[in-house]
Amino acid sequence: MASPDAPRRDLDPSTLSPDALAAEVARRMWADDRASQALGMELLEVRSGYARIRMPIRRDMTNGHGICHGGYMFLLADSTFAFACNSHNQRAVAASAEIHFLASAHEGDVLTATGVEQHLAGRSGVYDMRVTDQHGRLIALFRGKSATIKGRFLESADTAGDKE
């Protein structure tokens, strides 16, 4: 998914598998996600309830200790969370999130966040992100709780009147 194709506006979500729907939602979200793109993130994979994003650590992402600033690691995990929790075609935002920094990352490292849905019921979901470096070393753990908001990325005849 490194360079997603332009989103098709004529797709009917009711005709797509859950993973195909998640991929199309991701293409549409990525097209407008200037923050993730500006940081050099690469959207690697999105499936229903799952996302994986990679980000190289640049010099301007390091802090006064010469290590990756925790805010950038949080942003990587949060972006991954966003793609995982929106993968069902119901718009969702973060209601809360926390991160545990377990190891440092440095300029030149490449971090990958992998997000997995743990629970989804009603208007909320819980998602866990694992952030690892290019050697597979665990750098951080992030947990986010999502809350749905009005709207979908793709509308069908069945959902056109269902905005929430």
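Predicted model: local features only at pLDDT ≥ 70, side-chain atom pairs only at ≥ 80, totals over all residues.
Trainee: Why is Leu 120 called partly exposed?

Mentor: Its relative accessibility is 41%. Buried needs under 20% and exposed needs over 50%. Leu 120 lies in between, so it counts as partly exposed.

Trainee: Where is Leu 120 found, and what does it touch?

Mentor: Leu 120 is in strand β4. Leaving out residues up to four places away in sequence, it touches His 88, Gly 125 and Tyr 127.

Trainee: What makes β3 and β6 a pair?

Mentor: Pairing takes at least two bridges. Ten join β3 to β6, so they pair, and they run antiparallel. His 100 stands opposite Leu 141 in β6.

Trainee: How do you know that β5 and β6 pair?

Mentor: The cut-off is again at least two bridges. β5 and β6 have nine, in the antiparallel sense, so they qualify. Val 131 has Ala 140 in β6 as its bridge partner. The hairpin of these strands has five residues between them, and Gly 136 takes a positive phi near 85° there.

Trainee: Which residues of the largest nonpolar core touch the most other members?

Mentor: Leu 76, Phe 83, Leu 111 and Val 131, out of 37 residues. α3 gives the most to this core, with seven residues.

Trainee: What makes Ala 26 a contact of Phe 83?

Mentor: Contact requires heavy atoms within 4.5 Å, so that pair meets the cut-off. Beyond four places in sequence, the contacts of Phe 83 also include Met 29, Trp 30, Leu 43 and Ile 53.

How values were computed. Residues numbered from 1 in each chain as written. Heavy atoms only, no water. Core = buried A, V, L, I, M, F, W, Y, C linked by side-chain atoms within 4.5 Å. Buried < 20%, exposed > 50% of the residue type's maximum accessible area, 1.4 Å probe, protein only. Helix = DSSP H or I, 4+ residues; strand = E, 2+ residues; numbered from the N terminus.
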